[in-house]
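I opened this model to go through its helices, ring pairs and charged side chains. My notes follow in the order I looked things up.

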Amino acid sequence: MAVKYFDKDFLEIYWNEDIHCVVMVWKKFIRGEDFREGLNTGLELLIEKNASRWLADLRNLKILSNEDQEWSNNEWFPRATKAGIKKMALVKPRSALAKMGVKNIMTRVNKIQVETAYFDNAGEALKWLDRP
């Protein structure tokens, strides 16, 4: 069962009670404050629920600015790992430029011991997250 936690024109965030997982569904191109608000809100939910699993549906994400990539790597991921994130499933973006930005971020993230996997759809991602 998924409960909606956050809903704006650029992002929906759910809490998946069955898997104890934060689920983020990006709806459109975003940057700057919207990107940061979304990730910070998801992190607040992760902390509130004392969770360690995260699903990011990035299919509708477009290019990520260099500033957003740097912020994600240098500010957000250190806070997320400190908060207990251990397992992250990513539904791949459709945009080639977005794929490059995500790859740039995740290459650095893999060095801080967050288990990550990439999927074509959210169903596959949830199955992977549900495994021990």
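Which residue just after H2 takes a positive phi? I found Gly84 there, with a phi of about 115°.

Ground rules, before going on. This is a predicted model, in which local features need pLDDT of at least 70 and side-chain atom pairs count only at pLDDT 80 or more, while totals for chains, interfaces and linings use all residues. Residues are numbered from 1 along each chain as its sequence is written, and side-chain values use heavy atoms, with hydrogens and water left out.

**Entry: positive phi elsewhere.** His20, in the loop between S2 and S3, has a positive phi of about 55°. Its relative accessibility is 42%, so I noted His20 as partly exposed (buried is under 20% relative accessible area, exposed over 50%, partly exposed in between, with a 1.4 Å probe and protein chains only). Asn50 follows H1 and lies in the loop between H1 and S4. The phi of Asn50 is near 50°, and this residue is exposed at 70%.

Entry: I checked H1, residues 33-48, and got 22 Å from first C-alpha to last, close to the 22 Å expected (1.5 Å times one less than the number of residues). Its buried residues include Phe35, Gly38, Leu39 and Leu46. I see the buried residues of H1 packing against strands S1, S2, S3 and S4 and helix H2.

H2 has 18 residues and reaches 25 Å, close to the 26 Å expected. I located a kink of about 40° at Trp76, shortly before Pro78; the bend is the angle between axes fitted to the seven residues ending there and the seven starting there. Trp76 is among the buried residues of H2, as are Trp71 and Phe77.

**Entry: salt bridges.** How many salt bridges does a search of the whole structure find? I recorded nine, each a side-chain nitrogen of Lys or Arg within 4 Å of a carboxyl oxygen of Asp or Glu.

Arg36 and Asp68 meet at 3.7 Å, N to O. Arg36 is in H1 and Asp68 in H2, so this pair ties together parts 32 residues apart in sequence. Asp68 is buried at 1%, whereas Arg36 is partly exposed at 23%.

Asp9 and Lys28 meet at 2.9 Å. Asp9 sits in the loop between S1 and S2 and Lys28 in the loop between S3 and H1, so that pair joins parts 19 residues apart in sequence.

I also noted Lys4 with Glu12, closest N and O atoms 3.7 Å apart. Lys4 and Glu12 belong to a salt-bridge network with Asp7 and Lys27.

**Entry: rings.** The search of the whole structure gave me six aromatic pairs (rings of Phe, Tyr and Trp, the last by its six-membered ring, with centres within 6.5 Å; planes under 30 degrees apart are stacked, over 60 edge-to-face, the rest tilted). Phe119 and Trp128 are a tilted pair, 5.8 Å centre to centre with 50° between the planes. Both Phe119 and Trp128 are buried. Trp26, Phe35 and Trp71 are linked into a cluster by ring pairs.

**Entry: Leu129.** I placed Leu129 in helix H4, residues 122-130. Leu129 is buried, at 0% relative accessible area. I noted its C-alpha 7.6 Å from that of Met88, 41 residues apart in sequence.

Conventions:
Helices (H or I, at least four residues) and strands (E, at least two) are DSSP runs, numbered from the N terminus. Contact means heavy atoms within 4.5 Å.
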